[in-house]
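Open the model in your viewer and keep the sequence panel beside it. The tour goes stop by stop: what to select, then what is there.

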Amino acid sequence: MPDTIEEWFHLYERDLTSYLIYFTGSFDVEDYVQETFLIALQKQDSFHKRSHPRTWLISIARHHVLDTYRRKKVWERLMPFLYSSPPVQASLEAALIATDDQHRLYLAISKLSARDRDVVILRGILELSVSETAQVMNCDTNHARVLFHRALAKLRKSLEEVSYEEA
Amino acid sequence: MKKPNDDLEEKLNRLPTFTLPTEQKARILQSLQCDSPERKKYSFRPFFVCAALLCIAFLLFVPLRTNLSLTGDGPLTISPDKELERFLMSPRQQEVLGIEGRFAMLGSIKPFVAEDWRRGAKMMLFFWGEPAQLVDKPFRLEAVHSNQTITLAEGVLSGPLNDSEDAHILTRFAPFPEEGRWHVKVYVNDQVFETFDLEVLPPFPKTEHYTLEDSPAELETGKEVDISIERFGESKKVIQVELQNKKGKVIDKQWFTEEGEFIDARESGILHTFTGKLTFPKKGTWILVIDGEKTQPFKN
């Protein structure tokens, strides 16, 4: 297992970047990736190898993004006229249009709730195991399993809607 | 029995993953190397609060902005363009990639791979149009992706090589620095002649001394496939290659034998090629340990 944060960066940067891009719907994730590794660097002593470093890093990234969103939401409530709901970023769509199927799938994922989207990204796209997903989402494994199955059902429905809208 | 969701899970798994551009990665690595673990977490908090208040005060006086920070300027702003198609070019019935009657490329049959120079090393480009507007005129191929533009090739067009086209040029492409969808603009005489999109595969998995010569995405799964690996450095008769899943479990372990050596025209060094067989059981995330050196995780 690599010992330095630089090795972790080489090994898990792609997972973190992918998670953050799908989760935020934006390619502008450099700051999040950097902050995640800086936080990990500070907390490295508290990492006792109970979980896989990848799971640990994704948890940090997830908390960091949610924390930023929460703060942003406070400001949104205070000054709603400054904000508009974030649209699906056209550039991300463009990068995904390898096939029409993938395009539709991405649109369907973007229509899911944050929690469903989270579990779909972790289990479905990044292929984390049920227990790893549970660790990241801070819930028990049964709950993570149920969440994923429900999210897949919703995703299937959302896919049908997307196909219907396109038709 | 197959679960009904299997197909959907497979599709999710095939969605692309992303990596930061090289310069962003370098910046982060630099910050990690500079930043000691004792970094004071909250030392800049008062500064950030002041800065945030100032920004908000500023925003009150500027026209409303539709997107802030998270969904702001994405690196890709170009809408998708057409893709090239394969067709046969008379009189030699060569398979080319292009837009019939306009532009075609004869080179590697395989897709381009990021950071790779081999597949674009020898490219014949064909043009169709008004001969007077093409022959002896300067051409340039520019590729755009994530707010970066590179020149793939440039030069001066020659007359037809066969009877079928109106101009041609033998050239080489600069490597694409990143994977993903690249938007290519073909200029002739500084005017846009044609545009199209190209899908560039992720870089070949590599270690300090070894580079795979096949793109994992092109390898068949569930059966033994031939794989070539290139070594930069001294010769070795055999090397051991281990295929691990993303959790580090060994899935396949094989010996690869040296096939021959080549001169690397770019760096004047000697390259050794090793061949062997590996089985990727399915699509997923994998790591190769080549002669004790580990690649970064990659998807097939």
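Two strands pair if DSSP finds at least two bridges between them. Helices (H or I, at least four residues) and strands (E, at least two) are themselves DSSP runs, numbered from the N terminus.

Before the first selection, note that this is a predicted model: local features need pLDDT of at least 70, side-chain atom pairs count only at pLDDT 80 or more, and totals for chains, interfaces and linings use all residues. Residues are numbered from 1 along each chain as its sequence is written, chains are lettered from A and ligands numbered from 1 in the order in which they are written, and side-chain values use heavy atoms, with hydrogens and water left out.

**Stop 1**

Select F127(B). Which residue stands opposite F127(B) in strand 7 of chain B? A167(B) does. Now widen the selection to strand 4 (residues 123-127) and strand 7 of chain B. They run antiparallel and are joined by 5 bridges. Both belong to an open sheet of 5 strands, in the order 1-2-3-4-7, with antiparallel pairing. Strand 1 (85-89) and strand 7 (167-171) are the edge strands, each pairing on one side only. From one strand to the next, the twist averages 30°. Axes here are lines fitted to C-alpha atoms, for helices over the stretch in contact, and angles run from 0 to 180 degrees between N-to-C directions.

**Stop 1**

Zoom in on strand 5 (residues 138-145): it pairs with strand 6 over 8 bridges, in the antiparallel sense. Pick P138(B); its bridge partner in strand 6 is V156(B).

**Stop 2: strand 14 of chain B**

Select I270(B), in strand 14 (residues 269-279) of chain B. Is I270(B) buried, partly exposed or exposed? It counts as partly exposed, because its relative accessibility is 37%; buried means under 20% relative accessible area, exposed over 50%, partly exposed in between (1.4 Å probe, protein chains only). Show its contacts (heavy atoms within 4.5 Å). Beyond four places in sequence, I270(B) touches R231(B), F232(B), G233(B), E261(B), F262(B) and I263(B). Draw a C-alpha to C-alpha line to R231(B): 8.5 Å in space, 39 residues apart in sequence.

Move along to T273(B), also in strand 14 of chain B. At 8% relative accessibility, T273(B) counts as buried. Its contacts beyond four places in sequence include E213(B), S228(B), T257(B) and F262(B).

**Stop 3: chain A**

Select chain A. It has 8 helices and 0 strands. Of its 167 residues, 54% are buried. Among its contacts with a separation of 6 or more, 66% join residues 24 or more positions apart.

**Stop 4: where two helices cross**

Select helix 2 (residues 30-43) of chain A and helix 2 (residues 22-34) of chain B. Their axes come within 10 Å and cross at roughly 25°. That makes the two helices roughly parallel (angles under 35 degrees; over 145 is roughly antiparallel, 65 to 115 roughly perpendicular and the rest oblique). Show side chains: the contact is made by E30(A), V33(A), Q34(A), F37(A), L38(A) and L41(A) on one helix and Q24(B), R27(B), I28(B), S31(B) and L32(B) on the other.
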